Every structure is written in structure tokens, then in C-alpha cells.
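Here is a short report on one protein model. Please read it alongside the coordinates.

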Amino acid sequence: MPTLLIIDDERNVLYSLEKGLAADDMRIVTASTARAGLAALQENRPDAVLLDVQLPDQSGLDALQQIRTLDSRLPVIIMTAHGTADTAIEAMKRGAYDYILKPWKLAELKQAVGNALQAGRISRVPAEFGDVPAEAGREVDRIIGRSPQMREVFKEIGRVAPQDVNVLILGESGTGKELVARAIVHHSRRSEAPFLAINCAAIPETLLESELFGHEKGSFTGADRRRIGKFEQADKGTLFLDEIADMAPATQAKVLRVLQDGRFERVGGSETIAVDVRIIAATNADLEEAIRQRTFRQDLFYRLNTFTIQLPALRERDDDIVLLAEHFAQRHRERLGTDVRGFAPETIAALRRYRWPGNVRELESAIKYALVHTVGETITPDALPAAVTGGASGAPLARRSADLPDVRHLVRGLLASGQMQLNDEVHAEVDRVL
């Protein structure tokens, strides 16, 4: 469960924040002075901090400096009144993750806190490979696999992690590209420096450039104050650019310049900013085809392609399916409050026959689904999602294109299990094609 530390000396503000941000999946710790906040930080090891600029015993900027001395990767959101927005911007230059102006909008605050908690987790929780148990009380995300393909991936992570070069990770959706990026960072020379991730496909094209490079006040409609971008925030650290093939050509050109000489300007600005950032990029797209279609710059591809790791699809590492299923069952059964201890032989057979188009992410979702729907200690086939048992023919979908009823059944199963979501227009088009 993630922990949020709130440091503010106004009791009504602390009360409002606790009530407004309260959630079953988050623990909130509060402090009313910088000294108490630093003590709470060391005692509770929070995943993110909300820090007021005005504190009774010292300034928020000084507290921020002390926090970054204790943990340079911990995301800190500065809270400030409108009149001290420039102070908040200065704090971001010094390493703050984001800032919120008072009085805040609750939706905006929740989004900022959620982003910070996620950033804190990927930066602080190691992604490790192999079966070595984690130290007691130490949270770790495992990259599981004993197949020859995954052993080669582990070797490549070990080769490139200590080298200060850019890395391109290729693979289908759900194969674990972010985990591999995190493993590279945690075994690199920049492991104690900032590590930020951004999904290029999840941010509108018009906003992605601002997210990466920041913007000046008045540079576009809605830019009511200066914003510091991810490249500035990740200075001396690592930036993970997920789904980079979805980046617009104009933004690609600006990223290319950073890779070439480490310099850029904020949107609407003239000041040239120098940064030292290692780039790890990932995509499930065929970049060579994107280059031929002129949607991806060839020169950017060459800059990113210093070292490439190709992740295998789950269907290509059949021996790892059971190993992963057992890992996910053990990982989630306590959180879900179940007594499941194993899998029936028929369930193992069904898991091995299914093609797993969503790869490891789909397998984890299927195991969580099965844990919820299992009565007793053994997962039986009827507890699995309909997509898994209905589509478990062992043959790739491409080989079954003539068998439309089976394909329709598979798609319907994915929709019913919640693993595929379509809007009405796309849903109608699927029905037409099938």
C-alpha cells in the first residue's frame, strides 16, 4: 500500500487533504513542521510527499533540499499560494516533482498525487530478475523466466545497465518493457538519480511536447504559468519514453536534439537549457516500417538504437507460463484474501494451450480473475476467464482466420472478461468484420 506524507502547518488544510485524498489503497501520514516531516519521512518511507512552502520552523525550499539529500528519487509536490508561484517553480528547478496552487481543485490534486505515487514506486521499487528472494520488508517486482529467451534478456540487461548509453526495448504489449527499463535503471550508475516515465501514447499530441520540455507562461491557450518538463526533472537521471512510436514528428525532432547535444528550449521560450539524461525508449510498433511510412524519424531511430533488447511474446516462452502463473497466484492471493494454494492439472493445460495475445499482463489479469472466482484451495478451469478456456486451441489466431465462429467466441470472451474494451463504433465494426 503506497504512503503519502503531507507536511503543512494549517490544521484545516491537513484535515481537508486527508479527507479529500483518503482512499482504501493509500496510507496518509501528516506533519505540521519541517522537522516533524523529516522525522516522519525516515520512519515511514513514503512514496510521495505533499510539502507546503510556508512552514513555521523553516522554508519549504530548505525542507525540499533536506528531503532530496535523504532520498533524491522521492517525488515531492510543492503546495503554494498564488502569490508564491515563482517560488514553487524555483523549487521544481531544485528537484520538486510538481506543484499545486492554493486553493487547489480536488481533481487536479488527486491526479498530481496519483502521478507522484506511481513515479515514486517505479523509481524506488527495484525490478529484479532471477529467483533470489527479496530481503525481509523490501518490496521487489520480479522479472520471471527460466526459458532460453528470457535468460538472454537477463544477460542483455546485465550488459547494458552499467553502460551510460541509450536503450531501445521492443516487444508486444504486455511483455514487460517497463519492468526491463526499471531493471536497467536499478543496476545502472544512475540508480540513485531521478527516474521518470512517460507514456507517449497516453498524452494528447498537443500536450506531449509541453510534458517533456515544459512551457513558458502564455505560450499557448491555458498556459497560465511556467511549467518544468520531464527532461529538466530527470537531469542527471533517466527518462523512460514508453510507446515512443506514437510521438509526433515535431516532438521527435526536439527529442533528437536533446540526444545529440543535450539542449532544448521550453515551449514558447528562448532560454536554452542543458541536461544530462539517459533515455530508455520502448515500443510495440515496427519502427522500421514506421520509418518507411515516414511517421518515425530515421535519425532518431539510429540515436535510440545504440542498444536494443527484444522481448519475446509469452507464447514464445511456453515453459515460463506455469512459473509466471504460480508467481502471480502467490503475489495476489493474500491481497485478495483467498486460500488458493495451487492449480488443477486441467487448469495448467488450459493455461499452456492459450495463445496469450495480451502476454504477461493478460496472464496476471487472468490469475487475479481466477483467484476471485475460486472456491477452495485449487484453481480449476471454470475459474479462468472465458477467453482463456474458450480460445485455448493452441493455434495462433492467424491460423484460425477461416474459423469465424471460434474467433467471434474468443473476442466475445475478451469483452466479457473486461480484458478488451471497445466503444460502440468499434464494436459495430468488429461485428461487421466477423
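Leu170 stands opposite Thr283 in S13. The strands involved are S8 (residues 167–170) and S13, which pair in the parallel sense over 4 bridges. Pairing requires at least two DSSP bridges between two strands. Strands (E, at least two residues) and helices (H or I, at least four) are DSSP runs, numbered from the N terminus.

The model is predicted: local features need pLDDT of at least 70, side-chain atom pairs count only at pLDDT 80 or more, and totals for chains, interfaces and linings use all residues. Residues are numbered from 1 along each chain as its sequence is written, and side-chain values use heavy atoms, with hydrogens and water left out.

**The open sheet**

S8 and S13 belong to an open sheet of 5 strands, ordered S9-S10-S13-S8-S14, with parallel pairing. Strand S9 (195–199) and strand S14 (308–310) stand at the edges with a single partner strand each, so one side of each has no neighbour in the sheet. The twist averages 15 degrees from one strand to the next. Helix H6 (residues 148–160) lies across S8, S13 and S14. H6 runs at about 165 degrees to S14. Such angles run from 0 to 180 degrees between N-to-C directions, and axes are lines fitted to C-alpha atoms, for helices over the stretch in contact.

**Strand S3**

Strand S3 (residues 48–52) is largely enclosed by the rest of the structure, because 5 of its 5 residues are buried. Buried means under 20% relative accessible area, exposed over 50%, and partly exposed in between (1.4 Å probe, protein chains only). Ala48, Leu50 and Asp52 point one way from S3, while Val49 and Leu51 point the other way.

**Helix packing: H1 and H5**

Helix H1 (residues 11–21) packs against helix H5 (residues 106–124) at an angle of about 75 degrees, with the axes 11 Å apart. The two are therefore roughly perpendicular. That class covers 65 to 115 degrees; under 35 is roughly parallel, over 145 roughly antiparallel, and the rest oblique. H1 contributes Leu17, Gly20 and Leu21 to the contact, and H5 contributes Leu106, Leu109, Lys110 and Val113. Contact means heavy atoms within 4.5 Å. By class, this contact has 5 nonpolar, 1 polar and 1 charged residues.

**Helix H10**

Helix H10 (residues 249–261) has 13 residues. H10 reaches 19 Å from first to last C-alpha, close to the 18 Å expected at 1.5 Å a residue. The expected span is 1.5 Å times one less than the number of residues. Which residues of H10 are buried? They are Thr251, Gln252, Lys254, Val255, Leu256, Val258 and Leu259. Their cover includes helix H8 (205–213), strand S10 (238–242) and helix H12 (298–304). Just after H10, Gly262 takes a positive phi of about 70 degrees.

**Val267**

Val267 lies in the loop between S11 and strand S12 (272–274). Val267 counts as buried because its relative accessibility is 18%. The C-alpha atoms of Val267 and Glu209 are separated by 7.4 Å, although the two residues are 58 residues apart along the chain. Leaving aside neighbours within four places in sequence, Val267 has contacts that include Glu209, His215, Phe220 and Lys254. Lys254 is also among the buried residues of H10.

Note on methods:
Ala, Val, Leu, Ile, Met, Phe, Trp, Tyr, Cys and Pro count as nonpolar, Asp, Glu, Lys and Arg as charged, and the others, Gly among them, as polar.
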